[in-house]
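Please look through the structure shown below before reading on. The paragraphs that follow begin at a single residue and then widen to the whole chain.

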Amino acid sequence: MILVALCLVCPGVSAVVNPKPFVIPELKEWKGAEGAFVPTETTKIVCPANQPELLRIARMLADDCETMFGHKPEVVQGKGGAGDVILAIRADKKLGKEGYTVKVTDRILLTAPESIGVYWGTRTLLQIAEQSENHQFPKGTLRDFPDYAMRGFMIDCGRKFIPLSFLQDYVKIMAYYKMNTLQIHLNDNGFKQFFGHDWSKTYAAFRLESDTYPGLAARDGSYSKKEFIDFQKQAASNFVEIIPEIDVPAHSLALTHYKPEIGSKEYGMDHLDLFKPETYEFVDALFKEYLEGDNPVFVGKRVHIGTDEYSNAKKDVIEKFRAFTDHYIRFVEGFGKQAVVWGALSHAKGDTPVKSENVIMNAWYNGYADPATMIKDGYKLICIPDGMVYIVPVAGYYQDYLNEPYLYKEWTPAHIGKSVFEEKHPSILGGMFAIWNDHAGNGISVKDIHHRIFSPLQTLSVKMWTGAQTGIPYETF
């Protein structure tokens, strides 16, 4: 696609106004001018003195230019001039927390109310520069800002060990497309029917080193606490939040393999026994290990406690499940974290109150958690509808590859299954897609997973950022 129309300055020939540049996700506003800004060997990246975060972003941009284009611009602090790329903080209430403005004249001026907006703006500059041999920029002014605050995907590392190097690379890719949330599903198990209907032989894994429970971490692949901390910090430096998830009280076979007495003999050993005090003692200590201290293993502001697909066979079980959910919401909040849960409270409808204020819920299946009811009850939702955005490689159910043309044309985070809400609904924080490795034992490789993730990451980043606005046809991708 030719993004820049350079005008020939000839008598009687009208100048051509530049069309909106192609960027993923799509830019919100563009006012084209004439001509182009072409960087040179002397182009500097300039930021104000005494603003260390902008200096860090400027240096990241310079490093990225070297990686992508083979030239590392000089980074200086002070006042820029013609030929420079200038980064600055500038108040603009209409842009929100993540928005930014770029004005291209004889220089590039990138401004934003907060540093995160400046960073997203540098991703836009890199994408534009990548599309021409001389890395030119069409002159004009753009303003860009997201409709949804949380944009990302969930990856099942429990059933399939995903090397940290893969996750680190994906953080960089996500940041390039302004996706900012990666949920790491740290434990899960296979289905007993594929293991001779024997829970003791069914595959299960917990992927994070534990000193409290030595030997809990899976032998076929796990993360040390130090490297997981470093990974979260690296992601945060790219403005991507890692949400670690320990899934309880179902999907918990890895825990009951380690301590069989906390497993449910009635509902299956992948269920924790909610009627035993030892269950709470075990899970309390496990979460505490990663939450306590001045430098906790779970670095970010949010922690996911699971809570999906537990049995609702009896009323007393439902009430115990609701009490369990409430307990762990409050438990992680006691360490200064915001709790995230899978939606299950329509499936487990009961009388026991479950805290909703300041709690985020993955809205994945409306039969398990009716979105309208959950919003009425006070939860904030992440749209992750299973029938639309679940990838389960070679399973024969859900999607092997997502139907991207349909999602691009029809889906936004305001579409949770068959429930459709107004765009930018204040209780819908954003959207995710998910890759579940239910059948990872069938030879699914990390390369196979990459083939299923990369394209929808690009496509859905547009819908999570721009909502219903899709001025760029899908065929462009």
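At 38% relative accessibility, tyrosine 398 counts as partly exposed, because that class covers values between 20% and 50%. The model is a predicted one. Tyrosine 398 is placed in the loop between strand 19 (390-391) and helix 10 (404-410). Its backbone deserves attention as well: phi of tyrosine 398 is near 55 degrees, a positive value in a residue that is not glycine. Most residues other than glycine have a negative phi, and most peptide bonds are trans.

How are the rings of tyrosine 397 and tyrosine 398 arranged, stacked or edge-to-face? A pair of aromatic rings is described by the distance of the centres and the angle of the planes. For tyrosine 397 and tyrosine 398 these values are 5.9 Å from centre to centre and 70 degrees between the planes, and the pair is edge-to-face. Both tyrosines belong to a cluster linked by ring pairs, which also includes Trp342, Trp364, Tyr365, Tyr368, Tyr390 and Trp436.

The model as a whole has 33 aromatic pairs. In one of them, the rings of phenylalanine 206 and tyrosine 290 have centres 6.5 Å apart and planes at 20 degrees, so this pair is stacked. Phenylalanine 206 lies in strand 11 (residues 204-206) and tyrosine 290 in helix 6 (residues 277-291), so the pair ties together parts that are 84 residues apart in sequence. Phenylalanine 206 is buried, at 0% relative accessibility, and tyrosine 290 is buried with a relative accessible area of 0%.

Lysine 178 lies over the face of tryptophan 465, at 5.7 Å from the ring centre. In another case, the charged end of lysine 463 sits over the ring of tyrosine 408, 5.7 Å from the centre of that ring.

Glutamate 309 is not a glycine, yet it has a positive phi of about 60 degrees. Glutamate 309 is found in the loop between strand 15 (302-306) and helix 7 (315-333), and it is partly exposed, with a relative accessible area of 33%. Where are cis peptide bonds found? One joins isoleucine 24 and proline 25, with omega about -5 degrees; proline 25 lies in the segment before strand 1 (29-37). Another runs from valine 248 to proline 249, with omega near 0 degrees, and proline 249 lies in the loop between strand 12 and helix 5 (253-258).

Strand 12 (residues 241-248) also contains glutamate 241. This glutamate counts as buried, at 14% relative accessibility. Leaving aside residues up to four places away in sequence, glutamate 241 touches Asn180, Thr181, Leu182, Lys301 and Arg302.

Histidine 135 counts as partly exposed, at 24% relative accessibility. The C-alpha atoms of histidine 135 and valine 38 are separated by 6.6 Å, although these residues are 97 residues apart along the chain. Apart from residues up to four places away in sequence, histidine 135 touches Pro39, Phe69 and Ala129.

The cysteines raise a separate matter. A disulfide is a covalent bond between the sulfur atoms of two cysteines. How many disulfides does the model contain? The count comes to 0 disulfides. For cysteine 65, the closest cysteine sulfur is that of cysteine 47, and the distance of 14 Å is too far for a bond. Cysteine 65 is buried, with a relative accessible area of 13%, and cysteine 157 is buried at 0%.

These details may now be set within the whole protein. The secondary structure comes to 11 helices and 22 strands. A compact globule of 477 residues would have a radius of gyration near 23 Å, and the 24 Å of the protein agrees with this. The C-alpha trace spans about 85 × 45 × 45 Å along its principal axes. Of the 477 residues, 57% count as buried. Among contacts with a separation of 6 or more, residues 24 or more positions apart account for 70%. Finally, the accessible surface comes to about 19700 Å², of which 53% belongs to carbon and sulfur atoms.

Notes. Residues numbered from 1 in each chain as written. Predicted model: local features only at pLDDT ≥ 70, side-chain atom pairs only at ≥ 80, totals over all residues. Heavy atoms only, no water. Phe/Tyr/Trp six-rings, centres within 6.5 Å; stacked < 30°, edge-to-face > 60°. Helix = DSSP H or I, 4+ residues; strand = E, 2+ residues; numbered from the N terminus. Buried < 20%, exposed > 50% of the residue type's maximum accessible area, 1.4 Å probe, protein only. Lys NZ or Arg CZ within 6 Å of the ring centre and 35° of its normal. Rg over C-alpha atoms; globule rule 2.2 N^0.38 Å. Contact = heavy atoms within 4.5 Å. Areas by Shrake-Rupley, 256 points an atom, 1.4 Å probe, with all protein chains shown as cover. Disulfide = S-S within 2.5 Å.
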